[in-house]
Amino acid sequence: MTAETVVELRGVRAELGARPVLRGIDLAVRRGEVVALLGANGSGKSTAVRTVIGQVPAVAGAVELFGTPLRALRDWARLGYVPQRTTAAGGVPATVTEIVSSGRLARTRFGRFGRADRDAVRRALDLVGMGDRAHDPVTALSGGQHQRVLIARALAVEPELLIMDEPMAGVDLASQEILATTLRTQVAAGTTVLLVLHELGPLEPLIDRAVVLRDGCVTHDGPPPRALGQHALPGHDHVHPHAPGGAAPIGTGLLG
Amino acid sequence: MEFLDYAFMQRALVSAVLVGITAPAIGIYLVQRRQALMGDGIGHVAMTGVGLGFLLDASPVWMATLVSVVGSVLMELIRWYGRTRGEIALAMLFYGGMAGGVMFVNLAPDGSNANLTSYLFGSLSTVSASDVTAISVLAAFVIVVSLGLRRQLFAVSQDEEFARVTGVPVRALNLLTAVTAAVTVTVAMRVVGLILVSALMVVPVAAAQQLTRSFATTYAVAVALGITASVGGTVTSFYQDIPPGATIVLLTIAVFLALTALAAPLARRRARAAAAALPAGDPVECAIPAARAAGG
């Protein structure tokens, strides 16, 4: 079974400042797959996804999305992106609906909104269980709710490929479970997913393949490292989602 | 309403309304992207345009528009490429613009810093009919851009990276925002003055968001406050014989302070309403997230 390749990196090198962060990585994600990028802090996993979406330029190698070189990609509506959470709040108040509506710009001409767009926004909010918070300002949300809003914004695009950078970081257990359910629904509907994770956590059953980075190189590409557990990953921050509430993450790794 | 009998006041009031609309209409995006002082920088650069207008015997308004548009594009490019040393480059652009203005005005035949004063601090009596025409054309441009592209500008100002991945032409929109802000500076220059223009781009927005929870409402309230302050300040300035720019800006700040004082009890009431909206019989713990949310 050789499904169409949706994301392809070949020999990609990337730098931040003058520091090489990716030292020639190969990565292919085929249609319908759920691929997790794992690795310690500083291993280059975030840079790898940021290279895929063109935020960090590749200094060497090839980046293709949907079989098209990134540079030539025009149809961005095929892609939904969830950035690593900083904050969705800008210098001016904005409601959950206003933030999520930004995602629809990929589907509208000149930003004109119709009923279909408003429906898509509402559906996306319902999917992440934030339908009842639609008119709340984003500043009133918890970290996990905030993350759900950013995922709804990507889902509002109605993408065939979902790229997520650490969607579970700093997310409370209830939100983690909602996100896992949301993702399961998307995957069942045929969405391809590439996500950066610090640990497999509640998403583990969904992951088809794990790609482990270390110092900007791929050190593992295959089934999720279940046998050894994620504990074996260098610099792994150990966070137990099932630990009693409020348990502080215990840094066990070299870089943690 | 005797002030309406004077032709110069009619011109000043038309300009004041346009300033009141346009300054917050584009300023809100600058506040959103945390570049609230950008308008101030453009105001400095525009001084060179005013100076050139005197020197070349051309319209200072149009020359200021030209120079501040070029300056704002440079600022945007510096922001884009400058990274670490961008701040120094911006400082040179701002102060170079100011020094250029003073220099050119004094080089102009029978020119002196006195000519510059009305542009720096605003003046009612010197707004000419051709100024009003220029201001109207420029204001129309600002309104079309800031309202017509509000979804795109909102997305870019909120999260540049996400906007780019959504296929929004981020770079073009950033340049357009900068140019529109530059045009707004010259719209406001005659009434409010170059030094104070930035206040009218920022303070009404800051005042509005003391009460509002959505971007759309903040936008509407900021524009309403902008119009109220600039018209109110213009009329007050007519009766009291005080400079219009300073009056308008102080009025805006007074509104900001008043709304800030109102905001605290309002937030408490909203928190209580949110707590009351929880289903009856919920354990007390359920009130905690709401209280925390209101606090953060």
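## A buried glutamine in chain A

In this predicted model, A:Gln145 counts as buried because its relative accessible area is 18%, where buried means under 20% relative accessible area, exposed means over 50%, and partly exposed lies in between (1.4 Å probe, protein chains only). A:Gln145 sits in helix α4 of chain A; helices (H or I, at least four residues) and strands (E, at least two) are DSSP runs, numbered from the N terminus. When its neighbours within four places in sequence are left aside, A:Gln145 is in contact (heavy atoms within 4.5 Å) with A:Met130, A:Arg133, A:Ala140 and A:Ser175.

Residues are numbered from 1 along each chain as its sequence is written, while chains are lettered from A and ligands numbered from 1 in the order in which they are written. Because the model is predicted, local features need pLDDT of at least 70 and side-chain atom pairs count only at pLDDT 80 or more, although totals for chains, interfaces and linings use all residues; side-chain values use heavy atoms, with hydrogens and water left out.

## A buried leucine in a loop

A:Leu206 is placed in the loop between β8 (192-196) and β9 (209-214) of chain A, and A:Leu206 counts as buried because its relative accessibility is 13%. Apart from neighbours within four places in sequence, A:Leu206 is in contact with A:Val34, A:Ala180, A:Leu183 and A:Arg184. The C-alpha atoms of A:Leu206 and A:Thr181 are separated by 9.9 Å, and these two residues are 25 residues apart along the chain.

## Salt bridges within chain A

Over all chains, the structure holds 20 salt bridges, a salt bridge being a side-chain nitrogen of Lys or Arg within 4 Å of a carboxyl oxygen of Asp or Glu. One of them links A:Glu160 with A:Arg78, where the closest N and O atoms are 2.8 Å apart. Because A:Glu160 lies in the loop between α4 and β7 (161-165) of chain A and A:Arg78 in the loop between β5 (68-69) and β6 of chain A, the pair ties together parts that are 82 residues apart in sequence. A:Glu160 is partly exposed, with a relative accessible area of 25%, and A:Arg78 is also partly exposed, with a value of 23%.

A second pair is formed by the side chains of A:Arg209 and A:Asp221, which meet in a salt bridge (2.6 Å, N to O). A:Arg209 lies in strand β9 of chain A and A:Asp221 in strand β10 (residues 217-222) of chain A, so the pair ties together parts that are 12 residues apart in sequence. Of these two partners, A:Arg209 is buried at a relative accessible area of 11%, whereas A:Asp221 is partly exposed at 41%. Salt bridges that share partners also join A:Glu4, A:Arg31, A:Arg78 and A:Glu160 into one network.

## Where the two chains meet

The contact between the chains takes 32 residues from chain A and 27 residues from chain B. The area buried between chain A and chain B is about 2,500 Å², of which carbon and sulfur atoms give 56%; buried area is the accessible area (1.4 Å probe) that two parts lose on being put together, summed over both. In chain A, A:Val92, A:Pro93 and A:Leu105 lose the most area to chain B, together 23% of what that side buries.

Across this interface the rule finds 3 salt bridges. Among the salt bridges of the structure is the one between the side chains of B:Asp159 and A:Arg153 (2.9 Å, N to O). B:Asp159 lies in the loop between α7 (150-158) and α8 (160-165) of chain B and A:Arg153 in helix α4 of chain A, so the pair joins two chains. Both partners are buried, since B:Asp159 has a relative accessible area of 18% and A:Arg153 one of 3%.

The secondary structure of chain B comes to 13 helices and 0 strands, and of its 296 residues 50% count as buried. B:Arg34 is found in the loop between α1 (7-32) and α2 (38-55) of chain B and counts as exposed because its relative accessibility is 60%. B:Asp241 is found in the loop between α11 (215-240) and α12 of chain B and, at 71% relative accessibility, likewise counts as exposed.
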